[in-house]
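Visitor: Hi, I've got a protein model open and I'm a bit lost. Can you walk me through it?

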Amino acid sequence: MKDTATAHTPEPDPLARERAHLDSSRAALRTMREEVQGLDISDVTANWVNAQILQRQITDRIKELADHAHTPLFFGRLDYLPTTQEGQRFYIGRRHVHDAVGDPMVVDWRAPVSQPFYRASRADPQDVRLRRRFGYTGGELTAYEDEDLTDPAQPARTSRLLQREIERPRVGPMRDIVATIQPEQDEIVRSGLGGSVCVQGGPGTGKTAVGLHRVAYLLYAHRERLARTGTLVIGPNRSFLHYIEQVLPALGELEVRQSTVDDLVAHVEIRGEDGAATATVKGDARMARVLRNAVWAQVTTPTEPLVVVRGSRRWRLPAYELEEIVQELLDRDIRYGAAREALPQRIAHAVLVRMEESGEAPDDRVQDAVARNPAVKAFVKAVWPVVDPAKVVLRLLSDASYLAEHAEGVLTAEEQSTVVWERPARGLRSARWSAADAVLIDEAMDLVERTHSLGHVVLDEAQDLSPMQYRAVGRRCSTGSATVLGDLAQGTTPWATGSWREALGHLGKPDAVLEELTAGFRVPREVISYASRLLPHMSPGLREVSSVRESPGSLEVREAAPGELDAAVVAACRRALEREGSIGLVAADGRVEPLAAALAAAGLAFLDPGEETTAASRLTLVPASLAKGLEYDHVVLDDPATLVAAEPDRRTGLRRLYVALTRAVSGLTVVHEGALPEQLG
C-alpha cells in the first residue's frame with residue numbers, strides 16, 4: 001500500500017527513509033521490466049502479423065521502463081490530510097511504479113492525484129498537508145524540502161530546491177521541467193484535448209517545455225484516441241528539434257513525430273531563395289484564392305451531348321443535363337480530385353435512369369461498367385482533367401498572363417510582377433523552387449486531395465510563420481486540436497504575425513483559447529530587464545517578462561578597442577569556459593566565419609547548433625538566425641550593432657537582438673566595438 005502519513009509526528013532520519021524508498025522503487029521498476037522481458041507470446045498470437053505488432057509493443061514497453069541512473073525516479077511527495085485520501089502519501093515521478101501486489105510506489109506526474117503537487121497552495125491546499133521536494137546530485141538523493149500547507153499564516157517563500165533545479169547547468173539537449181512546472185503552466189499542460197490553445201510567452205517563461213509536457217499529458221489522458229490519430233511537434237529548424245528531442249522520451253513517450261514546416265511540405269527540391277518582398281507575397285493568404293481559381297479553372301462546361309453505347313443500345317445524355325451534373329459537383333465544395341472521381345458515377349447513374357425508364361433492370365455492376373465506358377472516360381478527361389498541383393504552381397510563377405488571369409482582383413499588378421520568375425523554368429525538375437513555393441504546392445495539393453489530419457499538433461515558435469504556412473499546419477490538424485506557442489516580440493521574418501487572433505484564423509482555429517505566460521524562470525532579472533529596453537521600439541504593447549530569478553552580476557557589457565573585437569570576443573569565451581555549464585557565442589550570420597577562424601586560431605574548440613554539448617565540448621558558435629528557442633548557461637553576444645544592421649529593417653533587427661540577448665540562463669556578456677544600438681540606452 002501507499003505509505004500512510006502520520007499527521008505531525010517527526011520522521012526518524014527522514015533522508016535515510018526516502019533513500020530506502022528510492023532503492024525499493026528502483027527494485028520494483030526492475031521487476032516490472034523483467035516481467036515484460038520474460039513474456040512469452042508464442043501461444044497468444046494468431047499469426048505472424050499479430051506477433052510482430054505485439055512484439056513491437058513489448059519492445060516499446062521495455063524502453064518505457066528503463067531506469068536511467070542520473071534521472072530521479074521521483075522528485076516530490078504529497079502527504080494528504082488524515083481525513084482525505086485515507087491520509088495517504090504519494091511519491092510523484094516521471095512514470096508509474098508499483099510493487100509486487102500492484103500498489104503504487106511512484107505515481108505518474110500526469111495522474112489526477114498528482115495535480116496538487118503543482119497547484120496546491122496555503123490559500124488552496126487541496127486537502128494536502130505537506131508537499132515535499134527532493135534534491136539530487138548525480139542521481140543520488142541528497143536533500144529534501146518540506147512545505148506545510150495547513151498553516152495559512154506561514155509566509156510564502158521560494159523553494160531553494162526548485163530554484164536550484166531551474167538554475168542547474170545545461171549540458172546536452174533540453175531537459176524536461178516535470179519537477180518544476182508552475183501552477184499557471186500546469187493549467188495549460190492539463191487543458192483538454194477537444195480545444196486548441198495558443199500560448200504567448202516571453203523568453204524564459206517555459207512555453208516550449210509547456211507545449212511538450214502538454215503532449216505527454218494528452219498521450220496519458222487520451223492514449224487510445226491519439227494512438228489512432230497521431231501527434232506531431234513542429235519546430236522552426238532541425239537544430240531546435242535536435243535540442244528538444246529528448247524531452248518526450250524522458251517522460252516515457254517514444255512515438256511522437258517531430259518536423260519543421262519545410263519538411264512537412266517537402267514536395268519538391270528547394271534550390272532557390274526568395275527575396276523578402278517576394279516571399280511575403282507568396283506567403284500571403286490571398287495566394288490561396290489565386291491557387292483555388294487556377295485549379296478549378298481546369299473544369300470546363302460541357303457543350304456537346306454524350307452518347308454511351310452498350311451492346312446494341314445507345315444512350316444519349318444532352319449537354320444541358322451534363323452541365324447540371326458538373327455544376328452540382330462544383331456547388332458541393334468538395335476536393336477537386338474527389339469530385340472528378342464522382343463525375344463518372346453521376347453520369348452512369350443518369351444513364352441507368354434511362355435504362356430503367358426503358359424497362360431494363362440494371363444493378364450496381366452495370367453502373368460501374370458504364371462509369372468505365374470509354375466515352376464516359378473521354379468526357380471526364382476533357383471536362384474535368386487530372387491536375388498536377390506542382391504544374392499549376394509552375395505555370396502561375398512562369399506565365400505572367402496566366403497569373404494575371406487567376407489573380408485578377410486578388411493581387412495588384414505590382415504584387416503579381418513580384419511573384420513571377422524573371423527566368424521561367426522549362427519544367428518541374430529545372431525549376432529553382434523556394435521554400436515559399438513548396439508551401440504553395442502543398443496548398444494546391446490540398447485543393448485536389450484532402451490532407452491527412454492528426455489528432456494533435458504542437459506548433460512552436462509560431463510567430464515567424466506566414467499565413468500560408470499557418471494554413472499548411474492547420475491542414476494537419478483540421479479535425480484535431482493544436483497547441484500554438486510563440487512570442488510576438490521574437491518575430492524575425494518580414495511576414496511575422498502581428499496578432500495571434502489573425503494567426504489562429506489562418507490556422508483554422510479561430511476559437512482557440514489564448515493564454516499568456518509572463519513569469520520568467522530561465523533568464524536572470526538583470527538580463528531580461530536589459531533586453532526589455534527594446535520592447536517599446538519593436539513590439540509596443542507587449543508586457544515585459546517578470547523574472548523570478550535575481551542574479552546580481554549576471555550581465556556584463558564590455559567595449560573592445562578599435563580593431564580588437566575578435567580578440568575581445570575570444571577572451572570573453574575563455575572567461576565563460578572557466579564557469580560551469582554550456583556557453584553559446586551568438587553573432588550575426590555574417591560574423592560567424594571570422595569568429596570561427598578566431599576561435600580556431602586561439603585553440604578553442606566549438607560546436608555547431610544542433611550538435612550535443614558535453615562536459616568536454618561546451619562552446620557552441622550560434623548564427624543569430626538559428627538562436628531562437630535555444631538556451632545556454634552563459635552567452636557571449638558579439639557586437640549588437642552589427643547584428644541589428646544585418647537585418648532588412650530596424651524592427652526585425654531589434655527583434656533578432658532581443659532573441660540573442662535572452663538565450664542566457666546564468667550570465668550574459670555583451671562585447672561591442674563602437675556604439676551600442678541607441679534603443680539599449
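Visitor: In what order do the strands of the mixed open sheet come?
Guide: The order is β3-β4-β2-β1-β5-β6, six strands in an open sheet with mixed pairing. Strands here are DSSP runs of E with at least two residues, helices are runs of H or I with at least four, and both are numbered from the N terminus. Two strands pair if DSSP finds at least two bridges between them.

Visitor: Which strands stand at the edges?
Guide: β3 (97-98) and β6 (140-148) do; each has a single partner strand, so one side of each is left without a neighbour in the sheet.

Visitor: How do β1 and β2 pair, parallel or antiparallel?
Guide: Antiparallel, over five bridges, with β1 covering residues 74-80 and β2 residues 89-93. Asp-79 has Arg-89 of β2 as its bridge partner.

Visitor: And what does α1 touch on that sheet?
Guide: α1 packs on β1, β2, β3, β4 (104-108), β5 (128-137) and β6, and its direction makes about 115° with that of β6. Such angles run from 0 to 180 degrees between N-to-C directions, using axes that are lines fitted to C-alpha atoms, for helices over the stretch in contact.

Visitor: Before we go on, where does this model come from?
Guide: It is a predicted model: local features need pLDDT of at least 70, side-chain atom pairs count only at pLDDT 80 or more, and totals for chains, interfaces and linings use all residues. Residues are numbered from 1 along each chain as its sequence is written, and side-chain values use heavy atoms, with hydrogens and water left out.

Visitor: What is Ser-25 in contact with?
Guide: Leaving aside neighbours within four places in sequence, Ser-25 contacts Leu-73, Phe-74, Val-97, Met-105 and Val-106. Contact means heavy atoms within 4.5 Å.

Visitor: Where does Asp-127 lie?
Guide: In the loop between α3 (115-119) and β5. Most residues other than glycine have a negative phi. Asp-127 is partly exposed, at 41% relative accessible area.

Visitor: And Glu-461, buried or exposed?
Guide: Glu-461 is buried, at 4% relative accessible area. Its phi is positive too, near 50°, and Glu-461 sits in the loop between β12 and α21 (467-475).

Visitor: New topic: what is the order of the open sheet with parallel pairing?
Guide: β9-β8-β12-β13-β7-β14, so to read it off, six strands. The edge strands are β9 (257-260) and β14 (513-517), each pairing on one side only. From one strand to the next, the twist averages 15°.

Visitor: How many bridges join β12 and β13?
Guide: Four, in the parallel sense, between residues 456-459 of β12 and 481-486 of β13. Val-458 has Thr-483 in β13 as its bridge partner.

Visitor: Which strands does α22 touch?
Guide: Helix α22 (residues 500-507) packs on the sheet and touches β7, β13 and β14. Helix α6 (residues 207-221) lies across β7 (197-201), β8 (231-235), β12, β13 and β14, at about 165° to β13.

Visitor: At what angle do α17 and α18 pack?
Guide: About 105°, with axes 5 Å apart, for α17 (residues 389-398) and α18 (residues 400-407). That makes α17 roughly perpendicular to α18; the label covers 65 to 115 degrees, while under 35 is roughly parallel, over 145 roughly antiparallel and the rest oblique.

Visitor: Which residues does Ala-294 contact?
Guide: Apart from neighbours within four places in sequence, Ala-294 contacts Val-392, Leu-396, Tyr-402 and His-406. Ala-294 is found in helix α12 (residues 286-296) and is buried, at 0%.

Visitor: Last one: how many residues has the largest nonpolar core?
Guide: 85, and Leu-343, Ile-347, Val-370, Trp-384 and Trp-433 have the most contacts inside it. A nonpolar core is a set of buried Ala, Val, Leu, Ile, Met, Phe, Trp, Tyr and Cys residues joined through side-chain atoms within 4.5 Å. Helix α14 (residues 336-357) gives the most to this core, with 10 residues.

How values were computed
Buried < 20%, exposed > 50% of the residue type's maximum accessible area, 1.4 Å probe, protein only.
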